Each structure stands twice: as C-alpha cells, then as structure tokens.
Amino acid sequence: MAPISESDSDNEDWMSTIPEELWDIPLSSLAIPGSHDAMSYCLDITSSLVRSESDTFRLLDRVFYCFTRPLIYKWATTQVKGIVEQLQAGIRYFDLRIAQRPYETSNDLYFTHVIYTQLTVVETLRTVATWLSDHPKEIVILACSHFEGLSEKRHEDFIYSLKNIFGFKLCPRNADITLRGLWSSGHQVLLSYDDQAAARHKVLWKGIPYWWANKANADELLQYLERQKELGRPDGFFVAGLNLTADRCFIASHPQVSLKTLTMENWESVKKWLEDQKPGADPTNLNIIAGDFVGFIPFCSLVIALNKKLLKQRGP
C-alpha cells in the first residue's frame, strides 16, 4: 500500500468541514480534486489490449510481448493508490473508463487504460458506496466513459446495477448541487455517463468536458491550460487535467523514463501554476482539477486550499 503524502492525510472529510460560507456555492464553482484514470493502479499486465488499439500495435504486442508489456504497464499506470486511499486523500472526482473484455464469458465489466484492470467495475463501486455510507457528507462525481464493447442492452443492465449499488445516493439531473442542498436530500453521487443511454435516466448526468493537453512536459501543458482559460470555462462541471502524456516515439526514445518519473520531474512547475488558480464561476476560473499519482504529491490539499480564495471574494 502506497503511503498518503503527509499533507494529504487529513482530507478524508474535507467537504463536511468546509466553511459554512461555501455551503451554498454550486459544486461546479468549487475546486474539487480529481483522479485521472483512477483505476489504473490495478491493471492486469497479462490481459489483452483494449479493442480500440490499432492492428499494428496489436501485432507488435504479440511479437515483442516481453518488451511491450513492461512499457505499457509503466506508462498506462497513472495511479498507485487504491480507490479507498484516493477517497481518504480527498479525491472527489473519478475518471472511470469502462469496457467489457473480449471473449469474456461472464457479464463482468472492467476498467481500462490500454489494457484491462484486475478489479471489476461492480465490486469497486460497491466499495465506494460503502465508504460513502460511512462519510454521509462527502460527495463524489463518478465520470463513466468509453464503454468499449457494450451493447445497448449491456448499457441498460449496467445502469440497473448502478441504481442498485447507489440507490437514493444518486443525485438526479437539475437538482440543487450545493453542499447544503445535497446534504439535505441525502444525495452523494453525481454520476456522469458519457453515452446517449444517459438521456433515458434522470439520475445520469451528461459527460463532463475534460481539458486534456496531450503534452509530455509542464511548459506545454500549462500553455494549453492557459489557452483554454482564455476561451472561457464551460457551463457546469468541467475538468482541467494536469496529467502529462507521452507519445510512443517519446516512450521508445526514453527507456529509463516512466509516467511516474515524468510526473515527478515536472511537478514543481505544475504546483506553482496550480497555487495561482482560482475556483468560481468567472470565465477563467477552474472547477475539477485532475492529476496523476495522487498521494505522492500534496495534490489534493493544494486543490482544496484554493476554495479559501472564495471566502476572500465573499468577504466585506
């Protein structure tokens, strides 16, 4: 089990202890820590590649399996802490990419990032539901997407399971999404479902926009985020991704580097930028901020602390 960084060790109940002056601000205007590819800590290195990978890459993976698999694992792994540890660290937005394994005889669904996870979706979400029952004032945003291999019927079966797992905790669309409103209603889960099937279910929210730079260094990442801010934030929830991304040429030419080392090397520049950000409803304000390797860096505490700037704005 990876240790939670010291400064992220006291965030388990940060929403319940947030100043009362912020209870009536919509969650879409608060700073919320998020986990990019939240379930990649349990990737199954022996599983097949996801269906969307190219035929060329599949061939390379078959022929050079002993070479490709360690590379895939160290670049597809974006988190190393389990789902409960992430909740304890203060993460309240989870990027969950869901798929059905090819040739799977059971109805189990798995999470994905290039390859599939060891843990199933249902058992993981049951763990989240249990944690929420023990923390009745904490709210989570679960962003389900990709859905590779799911038929329309499988979508409906999965949605039925989601309703069974979370029950009354699910927050319907157009509800009062302030902390005070959610606490009074007992809703704790905002479930974003990035598929047209969501329209048929009032407890499913549409997909949440994600600002993804697709860059391998902090300077280019931050330039991209600043350009997005100039264009103005979307209405409602949105995510600013602090995650770095390396293409396959970069990976092949940097055999000693991993996504984790790349993230750590660039952290100080990202941290400085992050500390200057503000939450709120203004065009240049941020909302959900997602990162990689939460817990090794004081990411959650920095994001949560941004909400103090809202107190200053509301002061005399």
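**Figure 1. The lining of the largest pocket in this predicted model.** The largest pocket is lined by 43 residues, and those lying nearest its centre are Glu53, His113, Val114, Thr245 and Arg248. Its volume is about 1100 Å³. A pocket is found on a 1 Å grid over the protein atoms alone, as an open set of points where a 1.4 Å probe fits, with protein on both sides within 12 Å along at least five of seven lines, and lining residues have an atom within 4 Å of a point. A volume is the space filled by probe spheres set on the points, which are joined across faces, edges and corners. Among the elements that each supply at least two lining residues are α1 (55-63), β2 (93-99) and α8 (248-253), while the largest share, six residues, comes from α2. Helices (H or I, at least four residues) and strands (E, at least two) are DSSP runs, numbered from the N terminus.

**Figure 2. The second largest pocket.** This pocket has a volume of about 250 Å³, and of its 16 lining residues, Trp205, Lys206, Ile208, Gly236 and Phe237 are the closest to its centre. Strand β6 (residues 189-193) gives the largest share of this lining, three residues.

**Figure 3. The salt bridges of Arg180.** A salt bridge is a side-chain nitrogen of Lys or Arg within 4 Å of a carboxyl oxygen of Asp or Glu. Arg180 forms one with Glu20, where the closest N and O atoms are 4.0 Å apart; because Arg180 lies in helix α6 (residues 179-185) and Glu20 in the segment before β1 (32-35), this pair ties together parts that are 160 residues apart in sequence. Arg180 also forms a salt bridge with Asp24, with the closest N and O atoms 2.7 Å apart. Arg180 is partly exposed at 35% relative accessibility, and Asp24 is likewise partly exposed at 43%; the term covers values between buried, under 20% relative accessible area, and exposed, over 50% (1.4 Å probe, protein chains only).

Figure 4. Lys229 is buried, with a relative accessible area of 11%, whereas Glu226 is partly exposed at 29%.

**Notes to all views.** Residues are numbered from 1 along each chain as its sequence is written, and side-chain values use heavy atoms, with hydrogens and water left out. In this predicted model, local features need pLDDT of at least 70 and side-chain atom pairs count only at pLDDT 80 or more, whereas totals for chains, interfaces and linings use all residues.
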